[in-house]
Amino acid sequence: MGYIRAEEILPVEVIELIQKYVDGTNIYIPRKQENRQEWGSKTAYRCELQNRNGAIYKDYLSGMTVHELANSYYLSEKSIQRIIKQERQSNVS
C-alpha cells in the first residue's frame, strides 16, 4: 500500500483539524462499508487457493496421508487437516 501526501488531496482546514489529534503520525482511514471488497476479489489468488484446496482434498480421498500432503504442498500438517475439514464440510452442504 502506498502513501499519499495529505497536502495533495485534503484542504488545509481538514489537515489542520487532523493535526490537532495526530500531528505527524501516519494514520489509516478505512473504506466506507459500502465500498469494501472481499479479500482476493482483485486477483485470481482466491480462486487459486480454492483449486489447490480442492486438489488437496481429492488427493486425501485417493489415499494420501496428511504427512504426505504436507510435504507435497509445502504446508504444515495442521494446515492440511484444516483444509480437509473445510473441504469435507463444503462438500456435505
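I started with Ser72, which sits in helix H4. Helices here are DSSP runs of H or I with at least four residues, numbered from the N terminus. The cut-offs are under 20% relative accessible area for buried, over 50% for exposed and partly exposed in between, with a 1.4 Å probe and protein chains only. I then took the C-alpha distance from Ser72 to Arg5, which is 46 Å across 67 residues of sequence.

A note on the source: this is a predicted model, in which local features need pLDDT of at least 70 and side-chain atom pairs count only at pLDDT 80 or more, while totals for chains, interfaces and linings use all residues. Residues are numbered from 1 along each chain as its sequence is written, and side-chain values use heavy atoms, with hydrogens and water left out.

**Helix H4**

Which residues of H4 are buried? I found Val66, Leu69 and Ala70, in a helix that spans residues 66-73. They lie on the same side of H4, because they cover an arc of only 100° around the axis. That arc is taken from the directions from the helix axis to the C-beta atoms. Next I checked what covers them: the cover includes helix H3 (45-61) and helix H5 (77-92). Contact here means heavy atoms within 4.5 Å.

**After H4**

Tyr74 follows H4. I placed Tyr74 in the loop between H4 and H5. Its phi is positive, about 55°, although Tyr74 is not a glycine. Most residues other than glycine have a negative phi. Is Tyr74 buried or exposed? Tyr74 is exposed, as its relative accessible area is 75%.

**H3 against H4**

I looked up the packing of this pair. H3 and H4 pack at an angle of about 145°, and their axes are 10 Å apart. Axes are lines fitted to C-alpha atoms over the stretch in contact, and angles run from 0 to 180 degrees between N-to-C directions. From H3, Arg52, Ala55, Ile56, Asp59 and Tyr60 meet Val66, Leu69 and Tyr73 of H4. I sorted the residues of this contact into six nonpolar, no polar and two charged. Ala, Val, Leu, Ile, Met, Phe, Trp, Tyr, Cys and Pro count as nonpolar, Asp, Glu, Lys and Arg as charged, and the others, Gly among them, as polar.

**The core**

How many residues make up the largest nonpolar core? I found eight: Ile56, Tyr57, Val66, Leu69, Ala70, Ile80, Ile83 and Ile84. H3, H4 and H5 each supply at least two residues of this core. Such a core is a set of buried Ala, Val, Leu, Ile, Met, Phe, Trp, Tyr and Cys residues joined through side-chain atoms within 4.5 Å. I also listed the contacts of Ile56, leaving out residues up to four places away in sequence: Leu69, Tyr73, Leu75, Ile80 and Ile83.

**Asn53 and Glu87**

Asn53 lies in H3. Asn53 is buried, with a relative accessible area of 12%. Not counting residues up to four places away in sequence, Asn53 touches Ile83 and Glu87. I turned to Glu87, in H5. Glu87 counts as buried at 16% relative accessibility. With the sequence neighbours up to four places away set aside, Glu87 touches Asn53, Gly54 and Tyr57.

**Ile29**

Last, I looked up Ile29, in the loop between helix H2 (12-21) and H3. Ile29 counts as exposed, at 60% relative accessibility.
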